[in-house]
Amino acid sequence: MLHRRTVGDVMTEEVVTLRPSTPFQEVAALLDAHDIAAAPVVDDDGAPVGVVTASDVLRHETGMPDPQGRDGNEERAWGKARARTAGALMSSPVFTARADWTIPRAARELRRRHVKQLPVVGENGLLTGIVSRSDLLDAFIRSDAEIRGEVEQDVLGRILGLDEGTVAVEVRDGVVTLRGHVPEQRLVPVLMGLCQGIDGVVAVDAHLAARAG
């Protein structure tokens with residue numbers, strides 16, 4: 001099988017965390033010092049119980065709740081605007097990811113939850129890392145040479161066992177073009193599917209025919 005990168009491959013493992021009792025000024029200082037957009041709030045065991053974002057801090061500084069209403073009811077929104085600790089400022093419940101999730105699954109979850117990062121937890125529910133939109137995007141930014149090498153070595157060679165030169169591979173801007181012959185026609189959709197499953201592949205254009213005789 002091809003190796004598809006997971007959340008565990010791209011997440012940040014050294015995470016700046018907060019406690020529910022962390023004072024507001026310390027929250028703001030930590031986010032600024034580490035130049036991060038958010039930090040998970042963890043309990044005594046290390047399980048995430050919420051997330052504080054830079055937007056939360058800015059809204060607190062202005063003394064105004066979220067104008068788009070994402071903080072829930074009005075009482076909760078104004079409470080966050082006056083928060084003195086991370087526990088009062090954080091968004092909760094917290095949405096989390098698992099290290100074995102695929103990159104597309106994590107990306108869908110970020111979009112569905114309308115968040116920019118997800119704390120990553122292990123089977124015990126304890127924090128093991130954090131993954132952001134930029135981490136997921138980086139997984140798809142691969143050079144054409146890297147993609148071509150994976151197609152030739154892993155798909156054509158290791159998995160399908162085709163002789164070198166049987167299928168010519170060209171990759172441009174993530175689009176894989178295949179030209180040549182395969183032993184059987186039924187291998188064409190298999191080959192295309194395997195190539196499409198490679199991280200960084202945008203599309204697959206196949207010009208393949210079954211070898212006569």
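Predicted model: local features only at pLDDT ≥ 70, side-chain atom pairs only at ≥ 80, totals over all residues.
Q: Why is aspartate 199 called buried?
A: Its relative accessible area is 5%. The cut-off for buried is under 20%, so aspartate 199 qualifies.

Q: Where is aspartate 199 found, and what does it touch?
A: Look in the loop between α9 and β8. Leaving out residues up to four places away in sequence, aspartate 199 touches Arg4, Arg5, Ala139, Arg142 and Ile147.

Q: How do you know whether threonine 22 is buried or exposed?
A: Check its relative accessible area, which is 8%. Buried means under 20%, so threonine 22 is buried. This residue is found in the loop between α1 (7-10) and α2 (24-33).

Q: What makes the pairing of threonine 22 with the backbone nitrogen of arginine 19 a polar contact?
A: The side chain of threonine 22 reaches that nitrogen at 2.9 Å.

Q: Which residues touch the most other members of the largest nonpolar core?
A: Those are Val151, Val176, Leu178 and Leu191, out of 19 residues in that core. At least two residues each come from α8 (144-159), β6 (167-172), β7 (175-182), α9 (187-196) and β8 (203-210). Another core, of 13 residues, lies apart from it and has Val7, Val10, Leu110 and Ala139 among its members.

Q: What does valine 176 touch, not counting residues up to four places away in sequence?
A: The list for valine 176 is Ile147, Val169, Glu170, Val171, Val201, Ala203, Val204 and Asp205.

Q: How many residues line the second largest pocket, and which are the closest to its centre?
A: There are 14 in the lining, with Thr12, Ile36, Ala38, Ile130 and Ser132 the closest to the centre. The pocket holds about 240 Å³ of space. Both β1 (38-42) and β5 give two or more residues to the lining, which divides into 9 nonpolar, 3 polar and 2 charged residues.

Q: Where is glycine 122, and how far is it from aspartate 100?
A: Glycine 122 sits in the loop between β4 (117-121) and β5 (127-132). Glycine 122 and aspartate 100 are 22 residues apart in sequence and 9.4 Å apart in space, C-alpha to C-alpha.

How values were computed
Residues numbered from 1 in each chain as written. Heavy atoms only, no water. Core = buried A, V, L, I, M, F, W, Y, C linked by side-chain atoms within 4.5 Å. Buried < 20%, exposed > 50% of the residue type's maximum accessible area, 1.4 Å probe, protein only. Helix = DSSP H or I, 4+ residues; strand = E, 2+ residues; numbered from the N terminus. Contact = heavy atoms within 4.5 Å. 1 Å grid on protein atoms, 1.4 Å probe; cavity = no way out; pocket = protein on both sides within 12 Å on 5 of 7 lines; lining within 4 Å. Points joined across faces, edges and corners; volume = space filled by probe spheres on them. Nonpolar A, V, L, I, M, F, W, Y, C, P; charged D, E, K, R; others polar. Polar contact = N/O pair within 3.5 Å; in protein donor to acceptor, adjacent residues only side chain to side chain.
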